[in-house]
Amino acid sequence: SLFKNPSEQQFYLLLGNLMSPDNNVRKQAEETYDTIPGQNKITFLLQAIRDASAAEEVKQMAAVLLRRLLSSSFEEIYPGLTLEMQTVIKTELLTSIQQETSPNIRKKVCDIAAELCRNLIGNLTVCVRLCLFRNFPGIFGNQQQHYMEVIKRMLVQCMQDQANPQIRTLAARAAASFVLSNESNTALLKHFADLLPGILQAVNESCYQSDDSVLKSLVEIADTAPKYLRPNLEATLQLCLKLCADSNLTNMQRQLALEVIVTLSETAAAMLRKHTAIVAQIPQMLAMMVDLEDDDEWAMADELEDDDFDSNAVAGESALDRIACGLGGKIILPMIKQHIMQMLQNPDWKYRHAGLMALSAIGEGCHQQMEAILQEIVSFVLLFCSDPHPRVRYAACNAIGQMATDFAPTFQKKFHDKVISALLQTMEDQSNPRVQAHAAAALINFTEDCPKSLLIPYLDSLVQHLHVIMVAKLQELIQKGTKLVLEQVVTSIASVADTAEEKFVPYYDLFMPSLKHIVENAVQKELRLLRGKTIECISLIGLAVGKEKFMPDASAVMQLLLKTQTDFNDLEDDDPQISYMISAWARMCKILGKEFQQYLPVVMGPLMKTASIKPEVALLDTQDMENISEDDGWEFVNLGDQQSFGIKTAGLEEKATACQMLVCYAKELKEGFVEYTEQVVKLMVPLLNGVCLFMIISLTVSRVRVAAAESMPLLLECARVRGPEYLTQMWHFMCDALIKSIGTEPDSDVLSEIMHSFAKCIELMGDGCLNNEHFEELGGILKGKLEEHFKNQELRQAKRQDEDYDEQVEETLQDEDENDVYILTKVSDILHSVFSSYKEKVLPWFEQLLQLIVQLICPNRPWADRQWGLCIFDDVVEHCSPCSFKYAEYFLQPMAQSLGDSSPEVRQAAAYGVGVMAQYGGERYRPFCTEAMPVLVRVIQAADSRSKENVNATENCISAVGKVMRFRPECVNVNEVLPHWLSWLPLNEDKEEAVHTFDFLCDLIESNNPIVLGPDNSNLPKIFLIIADGVANESVKTEDACSKRLANVIRQVQVSAGLWTQCVSTLNETQQKAIQDLLNTA
């Protein structure tokens, strides 16, 4: 028959007839189609699909037929094709998916490709099938639902294959991979819950076959789909505890088993907290921490190796820290305290060491609970500073140092006497330098957070001890070359000076000659760290004692630093001196001020080089990762799907420090830094958007972005001296990147800094600094932030309904809420800067946000939402009136109700609103001001209106009353209210509003207002008292215009001796001094 080998034209005709509405035509076409050999059908159908000139319905029909052919007759046709023909089919399908312009046809071609894949997988061995499925769990695409039972059956059967352990392992890994790729599909996870026992069995079996791949998959599930484990949580935890305790397994396997539990404590803490019986077995981790080796050389080691991160002891310690943070102290402390106490009484030093290290580890997570029994803990730990074994003494110092940080400043306030003497005594342990050095390190932690007043009484004793040790260790350095203790002692001296500040002046000459001597002579490579720390010490002492004392040495110190700087180019990239040098320069800049400018040409080159370090990053699969270890300075983030993102962290710390120092120079030197603004801006702007996957969780890199954000307004200030054109160019270079980064920055701490800087920049640049595109993009981003704010609140409400909700979850939700509100305050800052720069011109743009701001002030919203919503409307009134009145229908009613709100923050925002309506709002706000007055007076006169939490709101009410009397006297009986208002003055807390009230007071006095001055000036002593308190509390500053006016009032009284005596006699010593200061300065 002709149709055994039809021509292309005839085949298209046939396809047309197959779609014919005429039954006879269609039937005949079907019979003809059936006679064409399968291989020819595939060729023609593919040709039709790929033919750009063919009609769309013809191509659609061809696609449907080809898929049907592969589905029903794959086995008969495909294996008979030549290898070349099979390759052509695959290539043509892939090309069509890439190039086909019709979405409908492209979807149908994808279905053909999926069908072909499905059949090809069917032809593979079970092993290859499982591997394929493990690596591409989404292989079924949108057909997945259709094949759900097939997938499940395949995995269950393979996991039960008793004859082939390899297949059981592969099936478990494939099942885990499938679960991970569907982590957010709750229904699917439920449906596949009965695969978990099989996965757990495979974990157990494979570990004893020296294969930890399934265990690694279990860690990934705990990380990304923890709820999947819920139905078998008990079994999962029991298995992990068993593996963790089995010393026949490798350290790596035991640590991975522990990692499952630790990860769950972070990703599903509430779920885990319910399983108290299991959680009670967590102290097994302590057993790992005892896994230490005796080492006779330990106490004398002069080089500190990095902790051996593969060791069980370090892994156990880190796990305990994370679990305490995850599950919280309420659960962990009672459970672990008993174990730790027993360990501390064990005759074997390893147990005592582990007990003390465990105490160090849980401080952060058990903060609240440990604080309550700190007295007991500290007294006990201090005993171990004189333990017979040096490594236990070391661990005691470690615990003290850690607690000094975790519980500052309470720890310092309560235990200063005991702790300082114990550490100084331990520092005298000449025969165990490693212990000496750690005692010095603990002292650093203690003094860093110690209130100055507490440290001063010990200064003599501290300084004498440190000096004696420094002299002895300098001798040792010269004779034996040992330096470990000296490195720490130098930093201890720096820390003491930093806290003592000017009180360190008497000891300056005791240390400076030796410190300069170290910098001059410690030039060998192995002394780089010592030299770096000594440079740090000198600059911190200089900053502490101040310019006057330091000046005679400043020039010599600068020469030493310059010499190191000149050799800077010869320093290796990982030289520890670099970061110490960079920070020291910035301190010198703070000490010398403008005089530092002369050194910039030498300093800036190396600083810019360090700030420009680009970290190495890589995308690695599991195989690659095994060849790179974290010891090589790489850190990894697991992306799932057997992939990880790595970043080489070497140099990143230095980069972050360098960026912070550039900020410091711009801040300190202002226009003196102008020469460098251009190159610094070019460096900083790209850093704003330097977020890669890893950087989101890398603290170091977020420091870089914060520094970049902080630098923007400072650099604009520096550039001002070059004139408006240069300034505008620089702003254009920054502006796009700033707006973009507000939209993309994932870390809320960095985001708030960027938003704050952007607002400051707009205030600096003023009207006209944003073009239409900027406004459009900014509007979209702010709208997104507000919508996200509401969405996050809804999500938190949903979490409160979750079956695992408990009070610790509530604490986390409260933290999230505070974070969200902080971003809301920054949205308010940006709007404030836009309104104050653009005035009413910006209102049409603001309208896209209006309904969201109105939503913030609804009575059912949390108080912080209402506070910031009102603040935004306050700004609209203050900067965009009288046009602001067109929005009055949205905010007047809520503002009136908010004046009597139970939240002081909301009252404050509402009272401020009344004040700006009176001052700037215009005629149409008169009725509102009139109605608000009695409410304001009621709030001010309430019994607890001056309590700590209410005073700011009350002062805003007093200021608002003053503004209504001053700008809208027709709204109030001034003569009646004025005596009351006077009795409420001065304002001591809200300095900005205080200035407004003093301005009005000056108006009243200068116009000889009889109510204010009283009959025969009898109120003047009272006015003197108000002025004196205002000056003493710094509510009036020399630069305020009203300070001159107030001084004039006082001078006028001075003329009349009798009146002057009468006024001054009522003042106490502080108040009399304040009056004198005002006369001298204003």
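This is a predicted model: local features need pLDDT of at least 70, side-chain atom pairs count only at pLDDT 80 or more; totals for chains, interfaces and linings use all residues.
Let's start with helices H36 and H38. H36 runs over residues 677-688, and H38 over residues 724-744. Their axes come within 9 Å and cross at roughly 15 degrees. Angles under 35 degrees count as roughly parallel, so H36 is roughly parallel to H38. The crossing of these two helices is left-handed.

Who makes the contact? From H36, it is Thr 677, Glu 678, Val 681, Lys 682, Val 685 and Leu 688. From H38, it is Tyr 726, Met 730, Phe 733, Met 734, Ala 737, Leu 738 and Ser 741. By class, that contact has nine nonpolar, two polar and two charged residues.

Next, the pair H47 and H49. H47 spans residues 951-967, and H49 spans residues 991-1006. They pack at an angle of about 35 degrees, with their axes 9 Å apart. The crossing of H47 and H49 is left-handed.

On the H47 side, the contact residues are Asn 956, Ser 959, Gly 962, Lys 963, Met 965 and Arg 966. On the H49 side, they are Glu 993, His 996, Thr 997, Asp 999, Phe 1000 and Asp 1003. What is the make-up of this contact by class? It has two nonpolar, five polar and five charged residues.

Now the loops. Most peptide bonds are trans, and most residues other than glycine have a negative phi. Here are some exceptions.

Take the peptide bonds. From Ser 881 to Pro 882, the bond is cis, with omega near 5 degrees. Pro 882 sits in the loop between helix H43, residues 863-880, and helix H44, residues 888-898. The bond from Leu 985 to Pro 986 is cis, with omega near -5 degrees. Where is Pro 986? Look in the loop between helix H48, residues 974-983, and H49.

Then phi. Lys 839 is not a glycine, yet its phi is positive, near 55 degrees. You will find Lys 839 in the loop between helix H41, residues 807-838, and helix H42, residues 843-856. Is Lys 839 buried, partly exposed or exposed? Its relative accessibility is 36%. Buried means under 20% and exposed means over 50%, so Lys 839 counts as partly exposed.

Last one: Glu 1034. Its phi is positive too, about 60 degrees, and Glu 1034 is not a glycine. Glu 1034 lies in the loop between helix H51, residues 1020-1032, and helix H52, residues 1041-1055.

Note on methods: Residues are numbered from 1 along each chain as its sequence is written. Side-chain values use heavy atoms; hydrogens and water are left out. Axes are lines fitted to C-alpha atoms, for helices over the stretch in contact, and angles run from 0 to 180 degrees between N-to-C directions. Helices (H or I, at least four residues) and strands (E, at least two) are DSSP runs, numbered from the N terminus. A crossing is left-handed if the near helix is turned anticlockwise from the far one by less than a right angle, and right-handed if clockwise. Contact means heavy atoms within 4.5 Å. Ala, Val, Leu, Ile, Met, Phe, Trp, Tyr, Cys and Pro count as nonpolar, Asp, Glu, Lys and Arg as charged, and the others, Gly among them, as polar. Angles under 35 degrees count as roughly parallel, over 145 as roughly antiparallel, 65 to 115 as roughly perpendicular and the rest as oblique. Buried means under 20% relative accessible area, exposed over 50%, partly exposed in between (1.4 Å probe, protein chains only).
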